[in-house]
Amino acid sequence: MNILNLFKISIRAVANNKMRSFLSMLGIIIGVAAVIIMMSIGQGSKESIRKELSTMGTNLLTIRPGADMRGGVRQDPSSMQTLKMADYERIVREKKFVTKVSPEVTASGQAIYGNNNTNTSIYGESTEYLDIKLWNVEEGECFTEEDIKKSAKVCVVGATIVKELFGGHDPIGKTLRFKSIPMRVIGVLKTKGYNSWGMDQDNVIIAPYTTVMKRINAQTYFSSIVCSAITEELSDAAIEELTQMLRDNHKLKSGAEDDFTIRSQAEMMDTMSSTMDTVTIILVVAAAFSLLVAGIGIMNIMLVSVTERTKEIGLRMAVGATGPVISLQFLIESVLISVTGGLLGVIVGVGATTAVAAIGMPSSVPAWSIYVSFIVCVCIGVLFGYIPAQKAANMNPIEAIRHE
């Protein structure tokens, strides 16, 4: 019997038991849909995070104080005071692989204007900060080098500050207070919205770093220093350059640990992508267990089908059908159920992914996930259809015909 006839017989056998066939497919449908949804959400989240981080510049470098041992106790990096004005000035003076530099001083507290107040953070930066972070001033202007020299009490604010303190009205020229220090608003930043960690990037005030250091925090050290490498490819060279400068400035002996850390945006993107890949794999493996259960379901249904069709199998063998032909027929039926379930699963999975994207959750269906789903479905059909097919092929035709 040729393959085409076997396909026709197999399709007819599956169609004659529609409800049973559908119930057999149901596990495959759920399993494939779950795998596609998990992969889509994982891939979408990874792309969303990479896109968000890239908006801050893929050549961004951040220098932070490092942990240190004092009295046998390891100190928290945030309490260290290793980044000084001399470090910033040397980087600006001797940089080769770095284009822009901004020292950073931060403080959190309450900002007040009239009867309105809100909790926010103020960032002390240089005039190059907005270029490093690829951020623009939408209204007004940024502070100048002259403002930095004079520790001027001026600032630019995010959209959330405009909304919370000024009721959405133009804040240019108005004076807010931060920790009792009056700050005149000279610019409004372009809206950035929330990041992937749920932080409102527009709830921010940016002022000259000298203002925040002297007038607000009364400190002589920086929280961090942010830099921009010439290109992403030269980030490693820039890190080596900055490391040598800082080690020389801090008079660290050969073999001594750095009292600072330098992280690149590319490194952070790779770390986040690796984390998301791990999470996605875990979710996909969990969803794939339903495919295993579905395969066992198909095997059980096919075994029942073989038992019910024992007389039919005996008659076919009596008129010349060989064991391999009978086995192939039941394998084709098993694969048909599995692949049809896979097709429906892909439709359900893509539809659910579209619905998830419509409500704002990042998702992206990788094409290879659909191909893999089909391959897995065929494998499930063959693997779990093999035992029923062999049972049918090994029947004694005389005993099969006598079966009631």
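Mentor: Let's begin with a salt bridge, meaning a side-chain nitrogen of Lys or Arg within 4 Å of a carboxyl oxygen of Asp or Glu. Here, aspartate 131 and lysine 100 meet through their side chains in a salt bridge, at 4.0 Å from N to O. Aspartate 131 lies in helix α4 (residues 129-132) and lysine 100 in strand β4 (residues 98-113), so this pair ties together parts that are 31 residues apart in sequence. Helices (H or I, at least four residues) and strands (E, at least two) are DSSP runs, numbered from the N terminus. One caution: this is a predicted model, where local features need pLDDT of at least 70, side-chain atom pairs count only at pLDDT 80 or more, and totals for chains, interfaces and linings use all residues. Residues are numbered from 1 along each chain as its sequence is written, and side-chain values use heavy atoms, with hydrogens and water left out.

Trainee: Are aspartate 131 and lysine 100 exposed or buried, or something in between?

Mentor: Read that from relative accessible area: buried is under 20%, exposed is over 50%, and partly exposed is in between (1.4 Å probe, protein chains only). Aspartate 131 has 45% relative accessibility, so it counts as partly exposed. Lysine 100, at 29%, is partly exposed too.

Trainee: How many salt bridges does the structure hold?

Mentor: It holds 6. Look at arginine 90, which forms a salt bridge with glutamate 94, the closest N and O atoms being 3.1 Å apart. Both of these residues lie in helix α3, 4 residues apart, or about one turn of the helix. Arginine 90 also forms a salt bridge with aspartate 248, with 3.6 Å between the closest N and O atoms. Arginine 90 is in helix α3 and aspartate 248 in helix α8, so that pair ties together parts 158 residues apart in sequence.

Trainee: Which residues are linked in a network of salt bridges?

Mentor: Arg90, Arg93, Glu94 and Asp248. As for accessibility, arginine 90 is buried at 17%, glutamate 94 is partly exposed at 33%, and aspartate 248 is partly exposed at 38%.

Trainee: Let's turn to rings. How do I read a pair?

Mentor: A pair of aromatic rings is described by the distance of the centres and the angle of the planes. Rings of Phe, Tyr and Trp (its six-membered ring) pair if their centres lie within 6.5 Å; planes under 30 degrees apart count as stacked, over 60 as edge-to-face and the rest as tilted. This structure holds 4 aromatic pairs. In one of them, tyrosine 88 and phenylalanine 222 are edge-to-face, 6.3 Å centre to centre with 85 degrees between the planes. The pair links distant parts of the chain, 134 residues apart: tyrosine 88 is in helix α3 (residues 85-94) and phenylalanine 222 in the loop between α7 (209-217) and β11 (224-229). Tyrosine 88 and phenylalanine 222 are both buried.

Trainee: Why is the pair of tyrosine 209 and phenylalanine 222 edge-to-face?

Mentor: Their planes are at 80 degrees, with the centres 5.9 Å apart, so the pair is edge-to-face. Tyr88, Tyr209 and Phe222 are linked by ring pairs into a cluster.

Trainee: And how many residues does the largest nonpolar core have?

Mentor: A nonpolar core is a set of buried Ala, Val, Leu, Ile, Met, Phe, Trp, Tyr and Cys residues joined through side-chain atoms within 4.5 Å. The largest has 55 residues, and among those with the most contacts inside it are Ile63, Val157 and Leu176. Its largest share, 6 residues, comes from β9. A second, separate core of 29 residues includes Ala294, Ile298, Ala321 and Cys377.
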